[in-house]
Amino acid sequence: MRTLLLTTVFILLSLCVFAQEYSYTHYDLSDGLAGSTVYCTAQDRDGFMWFGTETGVSRFDGTHFHNYSTSDGLPDVEIIQMFGDSKNRLWMAPFRKSICYYYKGKIHNPDNDSVLRKMHFRNYVENFAEDSKGNILIQEGRSLLVLDTTGHVTEIDTAEGKPFDRCHACTKSIDGNFLVQIDLKVYELIRGKLYLKAKLHGDSKARSFIDLNYIAVSRRAVVYRSGMGKACILDLKTGKESPIVFNGYRYQHVNYGIVSDSIVCANESIGSCQYTTHGKLVRHFLPGVEITRTFMDDEGNNWFTTMGQGIYRLNSDEFRTIRIDQPKYPGCAALSIVRSGNGLLVGTNRNGLFRYELPSLTRCSMKVVSQEEVRRIFFVAPVPGGNVLYGTGSNVELHDAAGVLLNSIFQNVKKAVMKNDHEMIFASSNGCFLLNIPQWRITDTLWHERTTTVYYKDGITYIGTLNGLYALGKDGDTTFLGKTIPFLRKRIAAIVQTQDGLLWIASYDDAGIIAIRNGRVVASLTKKDGLASDICRVLAQQGDCLWVGTDRGLNRVDLKRPGYPITQYTANDGLGSNAINTIYVDNPMVYVGTPAGLSYFDETKVNTSSGCRFYWLDISSSGKSRMADTNLLFLPYRNNDIHFEYVGISYRSVGNILYKYRLLGLDTAWKTTHETFLDYPALPSGSYELQVIAVNKFGTESVPRSLHFEVATPFWRTGWFYAALVAAFLLSVWFTTAIWMRTIRRRQREERQLSRRVAEMEHMALRAQMNPHFIFNCLNSIQQYIFDQDVLAANKYITGFSRLIRETLQNSSRSYITIGDEVRYLSSYLALEKLRFKQKMDYSIGFDPDIRLNRPVIPPMIIQPYVENSMRHGLRHKPDGKGVIRIVFAQEGETLTVTVEDNGIGREKAASYKTREHIEYQSRGMQLTAERIGLINELKGRGGIEVEVIDLKDPNGVAEGTRVIIRFILNSLPTQNEMYDQDRIN
């Protein structure tokens, strides 16, 4: 009897809860979940949610699922337990005798992890726990394995000297140790020893109910099946046990769970019931859905894993939605809401008018306005006398408090507003009309065309149409406000005036809302400013807040703060639907009519703040992941493309996350995107820093994250390359100039060689001219001997002459000869001349002892003409005394000086003799020699030979002879090897 009573109470409580259902976000296979049957869930330190399914593991970031299977390292695809530790390892237990864990992008299993390879299990692992020291407890039904921080594994399989029998629950104790359930006892595991913490109580059959699904333990409490149809919660601190309402049908129960140490969850095939630790039922979630696990993440979001229906996340426990069911029409939409006394009147799209008692929102009554046709109730207003005025899609009706129809006018209503207690202005497809309620007749037609909305304030009627907004004044004048404001030429959806005198107008033409004052636009809000959508349907004003209903959710505009910040509320927060039909605000409660029914919430209790985390998922270049190189990311210039994948984790935002980013080095301006990736296909070389901030739907920003990387500079853009290029250019210029100069020099050299060859030929020609002259003189001497009939002298002279001729021919073939050769030649010549002058002259040749006769070299036949000139002109006409010629070779530094001196008659007197001689006999030796010296100096270009002639005189001025000084500049004369360079001649 007692069990039946508890079951009845449970069912009644469940029905009460069902009337006001919560809102959930549902994820299944179509969203990317690995499997629709989900056994377990956990959260890692980065904020990712992990789900173990029957066909693999899913990691969820609030936007995308990333799935893992055996190809990624799982020992088995069916994962039944998960646990995240303080080192950010995600432990997983498959439905086999093995475990694995995910860490830094890799699944570690017994095949690739030596520590896991040491563990041996008797059955599948049922639970994990971590103590305050970082040791990991791995629990299976009949043993405990403790993995310490050094990688050492300790196995415990006895308690109080007896082997384990039923060990199914564990956690961390308040003191930071392990808390373990074994049979009907709870132990604290301290330094490898089990200490009894508490005993579990129950009837004689309670022990048979202790298994994985019928017990759960937290730091403060234990929930367990204590007998047939019995369950209780044990407070570990006080030892108090509290019974909980329990459905005795075994097949409905799935398991127990404890979240946040204070909420006990009974997960069943008909939903999840939550109790306080004192056994009080507080909420019932997902009625009719088989729940396998209940989990609360670090932001307080409730997650439910199911058998065959994926996962659910509770959007908010502050939002409730009342499903409106009418006879024949389940699930009606709420189109109009108004307060009447202590109740709330709600009109539906199926003729229905519901009254809900405030504040419990218990349904008090329901009536159908008309049974004849389906009508939509767009307007409800209580009027004096307890009557209610209705505006529908076909009629305007007046009903009494009992619902009896009093009056009706056949005219459809789109929107309506009460002008005063006895007049209503309503907009219809036929125009805009003024209805006198006591007289029940239309007293004025304000507009003759289709109207979309109407608003009345301070004697001015604002009429919204498909083509814009019109204002009808007290005097009946009509003004088209769209004449000066383009926005007011659009389809007008709603109008309201706020306390500060601003007239706010909403457009259905995807334009948002504006505020005007004195014919000027003073504010404009669109989706870019935070509206859920630019298609606006309804406006409501209460205090300093403006509420905007759109096709994508509800928006709260704060009129007190600069810029009018906007807070969005959508189905992901708990609304029954995103399509907002009507809004009624009764501070602090907000009532919203949607196609899913009546949604309501207390805006002061709604948590509009939610954390936002940012996480890099992948960074790749040229198809290769570079996540391991993020500390020093360097891209070759040929692989200068980079792809970033990231995510902002904010589960309550349900993927509605904005990312602000900028790439310093390329641009300094912040940009925004909703995409979770960035591509830079061809970055120029340089240093970059990508900065990204994730902003969730509540405006909460993540911690800014930045990533430094460099794109290598191609060698042709480096400084050294430019330097090498400049050097190469200079080298090429130098090389070109050198070749050009070499060519010029070669041409000049060829020209000089040609000139030298020409000069040499001229030189040889001069020598050829000089040699016959000398020979002529010698033959004259021989002829003289013959005339004198001196045969012996002639014979001797001929012998000397032949030797002189041979030396002359030898010397004439050379460009240069040694001093020794020149001395021998001069000696031969002077010996002949001495014979010719019959011993009337004498000569001497002297030289410094330091002079080497084989060096230096001098041109041949340079000194001989001066000696010949002394003989022929100086000594020949000497009247008395013996003529003497002295030749001296001396070296002074780099100059070789040859002095030829005679004691003849002098140049002046010799010239007088010369002029009296026949022209054929005048000697050209001196002229030829002067020309030769000039050519030699021209060839050398450095003044190689200098000649100085000095007239010798006594104190009385009488000529005593001539001195010729010939100076050879040694450094301008050729080397000994050049003497025999036949190319200089040939």
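Student: How many aromatic pairs does a search of the whole structure find?

Tutor: The search finds 39 aromatic pairs. The model is predicted, with an average pLDDT of 86 and 90% of the residues scoring at least 70.

Student: Why is the pair of Trp50 and Tyr68 called stacked?

Tutor: The ring centres are 5.6 Å apart and the planes meet at 25°. Pairing requires centres within 6.5 Å, and stacking requires planes under 30 degrees apart. Both values meet these limits, so the pair is stacked. Trp50 belongs to strand 3 (residues 49-53) and Tyr68 to strand 5 (residues 65-68), so the pair links distant parts of the chain, 18 residues apart.

Student: What makes Trp50 count as buried?

Tutor: Its relative accessibility is 1%, and buried means under 20%. Trp50 therefore counts as buried. Tyr68, with a relative accessible area of 9%, is buried by the cut-off of under 20% as well.

Student: How do you know that the charged end of Arg59 sits over the ring of Phe48?

Tutor: The charged end of Arg59 is 4.3 Å from the ring centre of Phe48, and the distance limit is within 6 Å. Arg89 lies over the face of Tyr101, at 5.8 Å from the ring centre.

Student: Which residues form one aromatic cluster?

Tutor: Phe614, Trp616, Phe644, Tyr646, Tyr659, Tyr680, Tyr688 and Phe709 form it.

Student: Where does pLDDT stay under 50?

Tutor: It stays under 50 over residues 1-18, which have 13 contacts beyond four places in sequence. Residues 976-986 are also below 50, with 21 contacts beyond near neighbours in sequence. Where pLDDT is low, the predicted coordinates should not be read in detail.

Terms used. Residues numbered from 1 in each chain as written. Predicted model: local features only at pLDDT ≥ 70, side-chain atom pairs only at ≥ 80, totals over all residues. Heavy atoms only, no water. pLDDT = per-residue confidence, 0-100. Contact = heavy atoms within 4.5 Å. Phe/Tyr/Trp six-rings, centres within 6.5 Å; stacked < 30°, edge-to-face > 60°. Helix = DSSP H or I, 4+ residues; strand = E, 2+ residues; numbered from the N terminus. Buried < 20%, exposed > 50% of the residue type's maximum accessible area, 1.4 Å probe, protein only. Lys NZ or Arg CZ within 6 Å of the ring centre and 35° of its normal.
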